[in-house]
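Hello,

Here is the structure I promised to pass on to you. Have a look at it first, and my notes follow below.

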Amino acid sequence: MALSSSVRVRFAPSPTGHLHVGNARTTLFNWLFARQKGGTMVLRIEDTDVGRSEARFEDQLIADLKWLGLDWEEGPDVGGEYGPYRQSDRLPIYREHAERLLSEHKAYLCFCTEEELQKERDRATAQHRQPIYSGKCRAIDPAEAQRRRAAGEQCAIRLRIPEHPIRFHDIVHGDVEFSNEVVSDPIILRSSGMPVYNYVVVIDDALMKITHVIRGDDHLSNTPKQVALYEALGWPVPEFAHLSTILGADRERLSKRHGATSIANFRDMGVLPEALVNYLALLGWAPTGGTREIFSSQELIKEFSLERVTPSPAVFDMEKLYWLNRHYIKESPPERIQKLALPYFSSLLGEFLSQQETNKSDSSEVPDVAKWFASVTQLLAPSVDRLDQLPVRASLIFNYDAKAALASPDNAEVLAWAHTDAVLARFAFKILEDESAREGKLTPEQFKKIVNEVKAETAAKGKELFHPIRIVVTGSHSGPEFDKLIPILEEGSRLPLPKHVLNVHQRVEQFAKARGK
RNA sequence: GGCGCUAUCGUCUAGGGGUUAGGACGGAAGAUUCUCAAUCUUCAAACCCGGGUUCGAUUCCCGGUAGCGCUACCA
């Protein structure tokens with residue numbers, strides 16, 4: 001299939017850890033741009049730092065990107081015509097082009113030792129000068145230099161930086177200019193033969209025909225070196241777009257210290273991918289007009305533009321992410337939420353539900369349990385920031401504790417109300433008497449009828465009536481609607497769950513006992 | 001230290017030579033529901049400082065300040 005546009009972008013992470021939100025946002029912007037332009041997305045693994053790179057991190061990276069719904073046409077996992085897509089597999093390419101630059105006198109051999117260079121730098125900083133390379137080896141005759149190298153003398157390859165300022169255009173920042181004096185001839189190939197990052201990135205981007213380099217603005221200061229490299233190599237300079245840094249609440253660069261920062265963290269917390277994508281898109285970008293907040297990926301592809309990306313750094317705001325997450329939780333089909341919620345209930349349900357799921361056809365009870373659990377998540381999910389908070393919310397179903405309810409300071413005020421004793425007494429009496437309740441088959445209608453009778457007999461109404469009853473039934477004076485809760489309690493008590501759910505009758509009984517009246 | 005980038009409510013942002021400086025999150029108040037949540041309504045909340053250009057600057061220019069980044073034979 002012919003692509004309608006020649007736009008090619010890349011995401012080039014180092015496999016040194018989990019995918020970070022900053023990198024995720026960079027990938028997202030690349031992806032949105034590529035998808036909008038009908039371009040090609042390339043995934044390239046920058047694993048030249050062999051010490052820190054690990055293969056398992058590459059798999060995680062790919063899994064995290066896919067979870068976000070991002071995809072690519074070329075990469076180590078899918079191949080492509082500009083491979084290999086792992087830098088560790090491209091070493092010969094880097095050497096070849098370095099030698100080419102050398103033979104064209106665009107680069108030269110440097111015989112300075114690390115100690116010499118370090119001393120030079122120290123001297124410069126002590127004198128408050130820019131710590132740049134003196135250019136000592138620039139003057140060595142190339143033929144002489146080759147002889148010394150052939151004789152086995154250790155040397156690195158340095159790029160010759162031109163004697164004029166380096167200018168380039170950045171889509172986010174506009175025109176940027178650096179004096180050539182601050183760049184200094186950078187090493188492109190170490191004496192060990194290993195190439196340097198700022199060099200390989202140019203070779204790869206050029207050879208992979210990348211048209212738009214969209215990356216973090218920590219690379220902005222590296223860009224003049226890279227532009228000089230493109231020019232030395234005789235290759236076209238791509239468009240640049242440098243994205244601002246994501247900061248923590250203290251305005252420092254976002255790090256583990258700030259809590260959840262990896263995509264895996266958010267996934268484990270029960271943040272939905274579409275919420276994260278939507279939030280990340282809003283960090284540093286806003287649509288025309290700037291009033292819309294909710295965007296699906298498809299809508300983002302349509303609306304996104306690099307020109308509207310803000311150059312200033314953005315503070316990551318967990319509360320706004322939660323707001324979007326709550327929105328998407330409510331929008332999601334209940335079956336999806338139920339499925340996603342399941343892992344968080346392993347301590348309450350054990351392997352029970354997942355086991356039941358696998359052999360559902362041969363037991364009649366199974367659909368009941370699944371259905372029951374679905375109604376539990378449906379009841380609780382709308383009030384939660386993230387799915388991992390569900391089990392705590394569910395404690396009113398699973399962990400009824402009459403003594404704790406009576407002792408709770410939250411309940412003290414309600415328990416002291418004038419009507420409370422009467423309400424409690426009449427309610428307990430009626431529930432304990434009720435035949436259906438005793439069997440755990442109380443319906444919301446019967447429950448309502450009992451409540452109404454209590455109301456008539458005690459003259460308590462509104463909160464005076466409901467708060468004490470809530471405390472008896474759930475342990476707390478506030479919570480979900482009784483109409484939905486009663487069936488969950490009653491049905492739950494009849495199911496063979498690993499953690500038994502008390503029905504209304506049992507709760508009233510325990511409460512009465514705990515109260516000693 | 002040098003160089004670079006950045007600067008609108010607490011936060012994310014819209015806007016732009018003359019505006020009641022708009023929206024969202026969060027906050028506050030009210031409505032509603034038995035309660036909480038949700039929902040709806042309302043409110044508070046900002047152009048970093050100093051010069052210049054201009055009839056007029058938050059907006060354009062310069063300087064300062066602050067934050068961040070880069071200053072490696074790290075990526």
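**Contacts with the RNA**

A backbone N or O atom of Lys320 sits 3.2 Å from a sugar or linking oxygen of RNA strand B, a polar contact in the sense of a pair of N or O atoms within 3.5 Å (within protein, one must be able to donate a hydrogen and the other to accept it, and residues adjacent in sequence count only if both atoms are side-chain atoms). Please bear in mind that this is a predicted model, in which local features need pLDDT of at least 70 and side-chain atom pairs count only at pLDDT 80 or more, while totals for chains, interfaces and linings use all residues. Residues are numbered from 1 along each chain as its sequence is written, chains are lettered from A and ligands numbered from 1 in the order in which they are written, and side-chain values use heavy atoms, with hydrogens and water left out.

Two further contacts go to a sugar or linking oxygen of RNA strand B: a backbone N or O atom of Asp218 at 3.5 Å, and a polar side-chain atom of His467 at 3.2 Å.

There are 60 residues around RNA strand B, and Gln130, Arg190, Gly284, Arg326 and Gly479 come nearest; a residue is near when one of its heavy atoms lies within 4 Å.

**Helix H12**

Which helix gives the largest share of the surface near RNA strand B? That is H12, with five residues. H12 spans 318-331; helices here are DSSP runs (H or I, at least four residues; strands are E, at least two), numbered from the N terminus.

At its start, a side-chain oxygen of Asp317 comes within 3.1 Å of the backbone nitrogen of Glu319. Leu321, Tyr322, Leu324, Asn325, Tyr328 and Ile329 are buried in H12, meaning under 20% relative accessible area, with exposed over 50% and partly exposed in between (1.4 Å probe, protein chains only). Viewed down the axis, these buried residues fall within an arc of 165 degrees, so they line one face of the helix; the arc is that of the directions from the helix axis to the C-beta atoms. On the face turned away from the buried side are the exposed residues Glu319, Lys330 and Glu331. The cover over the buried residues includes helices H9 (263-269), H10 (273-282) and H13 (334-341).

Best wishes

Note on methods:
Contact means heavy atoms within 4.5 Å.
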